[in-house]
Amino acid sequence: GTQIDISDQKRLQDETRQLAFYDPLTGLPNRRLLLDQIAAASYLGQPSALFFIDIDNFKDLNDALGHSIGDRLLCRIATRLQELAGGALVARLGGDEFVILQQQPLASPALIEESACGFAQRIVAAMEQRFDLDGLSHFATCSVGIALMHGQGASVEDLLRQGDLAMYAAKQKGRNTSCLFDQEMEHALHFRIGLESDLRRAIGSSEFLLHYQPQRDQAGNLIGVEALARWNSPFRGSVSPAIFIPVAEASGLILPLGLWVFQQACRQSVRWNREGRRVPVVIAVNVSAVQVRQPDFVKSILETLQATGADPCHLKLELTESAMVEDVQATIEKMMELKQHGLALSLDDFGTGYSSLSLLKRLPIDQLKIDQSFVRELLFAPSDVAIAKSIITLADALGLEVIAEGVETREQQQFLAALGCTRYQGYLFGRPVPAEQFDDVM
Ligand code: C2E
Ligand code: CA
Ligand code: CA
């Protein structure tokens, strides 16, 4: 007989298997193994729950403390999830996404749902416990999406999509929480997809137009106008920008749309400021964070000004604090450059985002715009009075103009005036209307 030592070959096989089915960083099963297991459970008709776990703001930790700390946290999370899961399969999908595949007893759908939601809450709670990253204390939170498989033949793809949608819903709910997939989420997704495809088609058509809303001072003089996009869809009727702008932002369609808006506003500015106006009309144009983040943002603004012949001093850009979140320094530089060319800058929806005082001091802005949510409750909610008051004081201290939006009643206007805010925009002073209807007022 002959003897062959196959231990090398055996080790190679093990290693190959390890590489193919396990995540090298955490040692957890990888996506491929997870998909196999889901497919098997589905084939056997084994009721199961899938938990899609995404670590909140993981990118921030990675950026702030470096990738090796980030990796360490991922390993700790892997261990913690395994302890919690008992024998259930814990896989790493990639990045900061984990999935637990848990078999459920053969119980009624309602009982399975209840038990899965309970377990998801335990995942959320487990994540909140302190992590020790070799001497460094860290607190994390996660968002969990739950998809349930009740019987045979569920498609793996459907389950992954459902889990993902539910996880997205948990993020929308403010993170550090869990959400069970429901059909509503699928409908909302289809609505968004349909809207996006309509939007794509509509861009470049004549379905969009701009309305203009006056901004006035205490004496009622016109001090500016805000341009607001309107969409008259042949299929959907008039669609509010509150609905189509977020879809445009998520899909990148805001770039061509935003450019079109700015071009229109420039042309209108040329028309309104043509000749002999004692006080020029300044048009404020909303600009999305997605636009600001483009490397050629400034260039495209300047080119549009040049092409239309509009005077930069007759235009104002309204940015939100969200534009400031990523890459503050680069954003500040862009804003500086625009300002040097004469454009004015306003910080929109002020008070709803997060702005540190030190950041605010560095921003080359001209104006703070008090968000309408504070104005709405001004006469009833002391906390909103306090916020409006601090914004006005802050603007004053930093030498910025302040304007209130959403002013609907004389009482609100008087209240704001008493706090020191003398610029207003809102239904009390005029609704957004097409440019033609504006000509009489000017
Ligand atoms: P926003 O920039 O905060 O604009 C103010 C919104 O408040 C407008 O809604 C306006 O019609 C509404 N409004 C004005 N006065 C009053 C009032 O007295 N009471 C109440 N309840 N509402 C008032 P609209 O036109 O539906 O726009 C919604 C949002 O869509 C805007 O909020 C802005 O964030 C976005 N948006 C609109 N046009 C554009 C655009 O051209 N580009 C970008 N990026 N975003 C736009
Ligand atoms: Ca605005
Ligand atoms: Ca606003």
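**Exercise 1.** Find the donors of the calcium ion (ligand 2) and their spacing along the chain.

Solution. In this predicted model, the donors of the calcium ion (ligand 2) follow the pattern E-x59-N-x31-E-x29-D along the chain. The residues behind these letters are Glu226 (OE), Asn286 (OD1), Glu318 (OE) and Asp348 (OD). They lie 2.1 to 2.3 Å from the ion. Glutamate 226 sits in strand S9 (residues 222–233) and aspartate 348 in strand S13 (residues 344–350). These two residues are 122 residues apart, and the pair links distant parts of the chain.

**Exercise 2.** Decide whether glutamate 226 and aspartate 348 are buried or exposed.

Solution. The cut-off for buried is under 20% relative accessible area. Glutamate 226 has 4% relative accessibility, so it counts as buried. Aspartate 348 has 7%, so aspartate 348 counts as buried too.

**Exercise 3.** Name the residue that bridges the calcium ion (ligand 2) and the calcium ion (ligand 3).

Solution. Aspartate 348 bridges them, and the two ions lie 3.9 Å apart.

**Exercise 4.** Describe the surroundings of ligand 1.

Solution. Start with the count: 21 residues surround ligand 1, and the closest are Gln213, Arg230, Gln372, Glu408 and Tyr427. Sort the shell by type: eight residues are nonpolar, seven polar and six charged. Then take the polar pairs. A polar side-chain atom of glutamine 372 lies 2.7 Å from an oxygen atom of ligand 1, and one of asparagine 286 lies 3.1 Å from an oxygen atom of the ligand. Finally, consider cover: the protein covers 83% of the 800 Å² of accessible area that ligand 1 has on its own. S9 gives the largest share of the shell, four residues.

Definitions and conventions:
Residues numbered from 1 in each chain as written. Chains lettered and ligands numbered in written order. Predicted model: local features only at pLDDT ≥ 70, side-chain atom pairs only at ≥ 80, totals over all residues. Heavy atoms only, no water. Donors = N, O, S within 2.8 Å, 3.2 Å for Na, K, Ca; no water. Buried < 20%, exposed > 50% of the residue type's maximum accessible area, 1.4 Å probe, protein only. Near = heavy atom within 4 Å. Polar contact = N/O pair within 3.5 Å; in protein donor to acceptor, adjacent residues only side chain to side chain. Areas by Shrake-Rupley, 256 points an atom, 1.4 Å probe, with all protein chains shown as cover. Nonpolar A, V, L, I, M, F, W, Y, C, P; charged D, E, K, R; others polar.
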